[in-house]
Amino acid sequence: MGTASGIIKALNSGIKHLAIKRFTLRYPEQKLKFVGDGYQFDPVSGVGIAGLKGRHMLFHDKCTGCQLCSIACEGIAEAIAMVKVDEKWKQNKKSIMPQIDYGKCVFCGLCVDACPFYALYMTNDYELSSFSKEGLIYTPAQLQVKPNIKQDAEIKISDRGATHG
Amino acid sequence: MISKLPPGIKVEQKGDNDKIMTLNVGPQHPGSGHMRIIVKIDGDYIVSCDPDPGYVHRGEEKMAEYRNYITNIPHLERPVIHDSCNILYPYCLGVEEILGIEVPERAKYVRVIASELNRCVYTLYWLAIYGIFLGHSTMFMWPAGDRELLIDLLEKLSGARVTHAYFVPGGVRNDMPSNFEDVCLRQINYFEKRIKQYDSIFYSNPILKSRTINTGVLRQNDAIRLGSTGSVLRASGIDFDLRKKEPYDVYDNLDFQTNVLKSGDSYARSKIPWLDMLESCKIIRNALEKIPKSGSVRVKLKPNPKAGNVETYKRVESGRGSLGMYIISNGKPEPYRVKISVGSFRNLICLPYLLKGEKLGNMPAVYWSLNYWPVEADR
Amino acid sequence: MNNEMPNKTEADHNKNVSQNNNSSKIIKNSADLPEFETNIANMLLDKFDKKLKIIFIKKNRIKVDVHKDNIVEIAKFINQNLKFDHAESVTGVDRPEQNEIEVVYHLGSYDPSISNQILALSTRTVRESIPNPGFDKTRLPSLRDVFYSVEFHERECFEMLGVYFENHPDNRRLLLPEDWADLPPLRKDFKIKGR
């Protein structure tokens, strides 16, 4: 192919591109919609449930303080520490629950796979920034809170290209 | 005194030839990881070149000896976070062999889909940097934008945009979400339409052609002798793709072909990954047709699985060529030795060979066309 | 001479053929051994007899153990007659309890007829408890003249395990920093801090 026709071809393709809609997620205003409520794990079948691997959620009424999540994290990020809580649960004799340091966590979700009591799940919350390192350490009380975020942008494909609708 | 120095260290002798100049290119971070190339130039022409990797060496092989077969997963994918499914693939295949696990049929198809999506994600990132290396900023923006389509799919599938930690010995972590097939098919069709336009904007661009055609030519017998792999090998006219030659999982059921170009120059090396992406789209569509509609995707393992005194060498075709893992077990929960043999490291030996006699200005075009990923080569 | 070598990599489920090796040199093609791989192993045994030991034959994989004095000769034969034309990886394995370091060359081929085969060629060298890389007895002949592609792999093996490759043109550091003065890091007595 000659030089001129190559340039014309490239220009033609570029001009066609002018008619295509913008494919940019305007992030703080728009947020991507995810599948489900975050990554979960079913210990009976041994298979996870698809979802975003975001911030964890701890169910205090199910946690037994068995430390399996902490042991799973030992070889990975060492982000989980077991701390004492001021709550009395009959399944949790030692009253210890995981505390997660998101400065270390790599969001692999293997702690969720390790939990046999449906106590630790992951949620769609990924906005975890903080002004201090201490602010990234989430105590069991903070992990109990269900995140409330509006995420509705999805990739839509039309004749004029893909957009985040 | 000098003879007492260990062989790892050399005292540089003052050269008597003043014409030759030594130039350190790097260690900068061109979007991929630090890498230094020491070139000796005579005027504009490169006399010799000495690649100096190791700036991002983090000892993955040593780390793997201290962790058990499951907790090795998140750190073993770190060398190539864009291609994390493919680097975990040989590890999972190897561990499955030494533990004697049979993977469910549906999991094999899900693995193929995930690894092909990942190959495209890696190739787009690589192509974007190749564009910006050659001053073609449109080619940086388009792949970086289109990558979002596939990142979105992988995020729906595995729950993370990069570093998926999705493959485990015994299958995959979770099943596909409910409407994934439709979404995947729609986005892959659109994606294929998009990347076909790269031909007009990039590959038939006369400026790119004049910069890459006939620069850094790797002849066929040299490609064999240097042991190059992946797109570098296939651009030199050797039809070698492990997905065809040694089909793992369900690649022998799927309908695709390998792309081979004869010329062996930078242009061919930059075109092969793009042709592979078009082929990947075909594989994904084919796999979505043939996937069993239901079934388990993961075999339950014991908490700390142990293997006997066995060893295995498994290899897969990653985005950068053959990726092998040599796993030796000695009956403990941790592997005795894990050796990662990566395509980037094997292709690195071509760089001094290709750059000899080349103009300095052509160095980025040759260097990045080797499909080299510094972090993966250093491990 | 190889028969005295302890062989730890033998496993129960690896189809171990080294026992019937001494009585009959040629491996009988039994039903559980793949035919093609057995033929390659037999060709090697035909030529070199006692100089090598077949450790296992699996589908697409053969492992051969040789003494370090014979490795160049055998590698040349593998390269020229068996069409294995490049090395995929060179792995050093530290085995302190046997006081030796094993180096495994994974040889592959781009010839279409055997491109799915991997021949693992392993050899062993003495391990010194206080290593002095480059000056002690931990040495092996380099295969760089036979398989050009091992050049960087052998450099990596030298810095990571302290195995000096004789006749290698370029035994410099590759990945480790130039001022690394500790033990070679992939030896078992080099411990990661905190573990």
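**Aromatic contacts and their terms**

Reply: Trp373(B) is buried, its relative accessible area being 3%. The model is predicted, so local features need pLDDT of at least 70 and side-chain atom pairs pLDDT 80 or more, while totals for chains, interfaces and linings use all residues. Residues are numbered from 1 along each chain as its sequence is written, chains are lettered from A and ligands numbered from 1 in the order written, and side-chain values use heavy atoms, without hydrogens and water.

Me: Why is Trp373(B) called buried?

Reply: Buried means under 20% relative accessible area, exposed over 50% and partly exposed in between (1.4 Å probe, protein chains only). Trp373(B), at 3%, is therefore buried, whereas Tyr125(B), at 24%, is partly exposed.

Me: What makes Tyr125(B) and Trp373(B) an edge-to-face pair?

Reply: Rings of Phe, Tyr and Trp (its six-membered ring) pair if their centres lie within 6.5 Å; planes under 30 degrees apart count as stacked, over 60 as edge-to-face and the rest as tilted. Here the centres are 5.8 Å apart and the planes are at 70 degrees, and the pair is edge-to-face.

Me: Which aromatic cluster contains Trp373(B)?

Reply: Its members are Tyr122(B), Tyr125(B), Phe133(B), Tyr367(B), Trp368(B), Tyr372(B) and Trp373(B).

Me: How do you know that the charged end of Lys62(A) sits over the ring of Phe59(A)?

Reply: The rule asks for NZ of Lys or CZ of Arg within 6 Å of the ring centre and within 35 degrees of the ring normal. Lys62(A) sits over the ring of Phe59(A), 5.2 Å from its centre. Likewise, Lys53(A) lies over the face of Tyr39(A), at 5.3 Å.
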